[in-house]
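Biologist: Please give me a close look at one part of this model, the paired region. Then set it against the whole chain.

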Amino acid sequence: MQVGQRSGTVEIWSGDQRIAVHPRAQCTGQRFTMPGQWKGLPRGDGRPQREALAVQAPVGDVERRFLEVYDLVAAGGVR
């Protein structure tokens, strides 16, 4: 089994067969799994693995605003 990175992705190879491609993590502890990744493999307690219920979606740029803007919106002053 070999693991390598390329252009923001991580590739996992078994011999000459690429078996998985994931986005590269952007922060410590971030995990990515593929649908079916754990299929057929038992957990340590003998129960089957559960599939993830959600996936991380890329986020665009977030606009920065002063907190006063939110105060105005909450007061109904900005639409």
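Modeller: Strand 2 and strand 3 (residues 17-23) run antiparallel and pair over six bridges. Two strands count as paired if DSSP finds at least two bridges between them. Strands here are DSSP runs of E, at least two residues long, and helices are runs of H or I, at least four residues long; both are numbered from the N terminus.

A word on the source. This is a predicted model, in which local features need pLDDT of at least 70 and side-chain atom pairs count only at pLDDT 80 or more, while totals for chains, interfaces and linings use all residues. Residues are numbered from 1 along each chain as its sequence is written, and side-chain values use heavy atoms, with hydrogens and water left out.

Back to the pairing. S14 stands opposite Q17 in strand 3. Two residues separate strand 2 and strand 3, and the strands form a hairpin. G15 sits in that turn, with a positive phi of about 65°.

Now the other side of strand 2. Strand 1 (residues 2-6) pairs with strand 2 (residues 9-14), again antiparallel, over five bridges. G4 has E11 in strand 2 as its bridge partner. These strands also form a hairpin with two residues between them.

S7 lies in the loop between strand 1 and strand 2. Its phi is positive, about 45°, although S7 is not a glycine. Most residues other than glycine have a negative phi. S7 counts as exposed because its relative accessibility is 76%. The cut-offs for relative accessible area are under 20% for buried, over 50% for exposed, and in between for partly exposed (1.4 Å probe, protein chains only).

Past strand 3, look at M34. M34 is in the loop between strand 3 and helix 1 (67-74). At 30% relative accessibility, M34 is therefore partly exposed. M34 and V21 are 13 residues apart in sequence, and their C-alpha atoms are 8.4 Å apart.

Finally, the whole protein. It has one helix and three strands, in the order β-β-β-α along the sequence. Of the 79 residues, 5% are buried. Among contacts (heavy atoms within 4.5 Å) with a separation of 6 or more, 4% join residues 24 or more positions apart. The accessible surface is about 7,500 Å², and 54% of that belongs to carbon and sulfur atoms. Such areas come from the Shrake-Rupley method with a 1.4 Å probe; for residues, only the protein chains shown count as cover.
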